[in-house]
Structures are given as C-alpha cells and as structure tokens.
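Please read the numbered points alongside the structure.

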Amino acid sequence: MLNRDLINRILSGMPEIRSAGNQIFEGDGYDAIMDILKSLRSVEFPVIVLESRSSGTIAIVEGPVDTYTQSLWVMGQLGRNEDEAALYRDMFCLCKEVLARMLAAKSSGEPDLQGWYHDYISYMKRYGGPNARGYELVITFKDDISLHNG
C-alpha cells in the first residue's frame with residue numbers, strides 16, 4: 001500500500017521534487033485533492049498527491065485476496081499564456097518517471113510494493129482547479145488477506 005513516506009523515499013533525488021514537504025501530499029477523496037491543488041501558498045509545483053484507498057474487491061475463490069486501487073495525481077501549474085498541451089506532455093513524462101522509480105523500488109524488494117499489480121496502470125487527464133493540470137495514475141494492489149481476526 002502506498003503512503004506519503006514511501007512516495008517520499010521513492011521520489012527523493014528527482015530534480016523535479018525539491019521540497020517533499022511542499023510537493024508530496026495525501027488527499028482523502030476528490031474534494032480534498034482539489035483543496036490541496038487550490039492552496040497555492042502551501043503547494044510547490046509540480047505536485048504529487050496520493051489518494052488513499054477508498055474501494056476494492058475481496059475475492060474468496062483464489063484467496064482470500066483484497067484487490068484495491070490508490071491514485072497518484074501528478075500535477076503541474078499552468079501559468080498565464082503558457083501552452084496547456086505542453087504542460088500535459090511534461091506531466092505525462094513525469095508520470096512515467098514516477099512509475100519507473102516505483103518499479104525499481106519494487107524490484108529492489110520494497111515490501112509496501114510487493115502486492116502492486118503493475119501489469120496494467122490506468123491513467124487519465126486531470127484538470128485541477130484554475131491552474132493545475134496533469135494526470136491521475138491508478139495503482140492496483142492485490143494483497144493476500146485473512147478473513148479471521150487476530
């Protein structure tokens with residue numbers, strides 16, 4: 001499962017991430033993410049927002065296995081008279097770099113990524129308020145679980 005500390009470790013050293021405290025956030029749902037993206041005084045772009053798990057599926061047949069998703073929003077800031085299409089291209093390149101670093105961390109044995117089902121990763125363009133543009137990456141996890149307490 002993704003968490004802010006893990007994302008900080010994975011993305012440390014990236015030239016685009018200069019201040020993790022002002023560039024990597026957690027938001028619980030769409031409205032919370034929009035609030036973060038509109039808080040220009042506390043946000044330094046590009047920004048990465050981790051959306052927590054909100055739904056999933058428990059399969060009993062081959063498990064039990066808990067399959068759930070978390071999202072990473074990779075967003076840049078659109079300035080006056082800037083090319084929106086160019087910003088989207090830049091943010092897509094940044095998404096690919098984030099994914100490459102996550103894959104490297106999983107290959108290196110990062111325990112929080114061992115349940116990551118990385119065969120297919122959905123993404124979609126996001127318009128984040130008046131001047132934030134980028135992509136949402138949907139990260140799928142499949143974790144073996146027990147249905148018994150204790």
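**Note on the loop residue and the aromatic rings**

1. Leaving aside residues up to four places away in sequence, Asp83 touches Leu78 and Arg89; contact means heavy atoms within 4.5 Å. Asp83 is found in the loop between strand S4 (65–77) and H4. Helices (H or I, at least four residues) and strands (E, at least two) are DSSP runs, numbered from the N terminus.

2. The model is predicted: local features need pLDDT of at least 70 and side-chain atom pairs count only at pLDDT 80 or more, while totals for chains, interfaces and linings use all residues. Residues are numbered from 1 along each chain as its sequence is written, and side-chain values use heavy atoms, with hydrogens and water left out. The mean pLDDT (the predictor's confidence in each residue, from 0 to 100) of the protein chain is 91, and 99% of its residues reach 70 or more.

3. Asp83 is partly exposed, with a relative accessible area of 45%; buried means under 20%, exposed over 50% and partly exposed in between (1.4 Å probe, protein chains only). A polar atom of the Asp83 side chain lies 3.1 Å from the backbone nitrogen of Ala85. From C-alpha to C-alpha, Asp83 and Tyr68 are 35 Å apart in space, although 15 residues apart in sequence.

4. The whole structure holds 6 aromatic pairs. Rings of Phe, Tyr and Trp (its six-membered ring) pair if their centres lie within 6.5 Å; planes under 30 degrees apart count as stacked, over 60 as edge-to-face and the rest as tilted. The Phe92 and Tyr123 pair is tilted because the planes stand at 55°, with the centres 5.0 Å apart. Phe92 belongs to helix H4 (residues 84–107) and Tyr123 to strand S5 (residues 116–128), so this pair ties together parts 31 residues apart in sequence.

5. Tyr123 is partly exposed, at 47% relative accessible area. Tyr123 also forms an edge-to-face pair with Tyr135, at 5.9 Å centre to centre and 65° between the planes. Tyr135 lies in strand S6 (residues 132–144), so the pair ties S5 to a part 12 residues apart in sequence. Tyr135 counts as buried, at 10% relative accessibility. One aromatic cluster is formed by Tyr88, Phe92, Tyr123 and Tyr135.

6. Lys125 lies over the face of Tyr88, 4.5 Å from the ring centre. The charged end of Arg53 sits over the ring of Tyr68, 3.9 Å from its centre. Such an arrangement requires NZ of Lys or CZ of Arg within 6 Å of the ring centre and within 35 degrees of the ring normal.

Note on methods
Polar contact = N/O pair within 3.5 Å; in protein donor to acceptor, adjacent residues only side chain to side chain.
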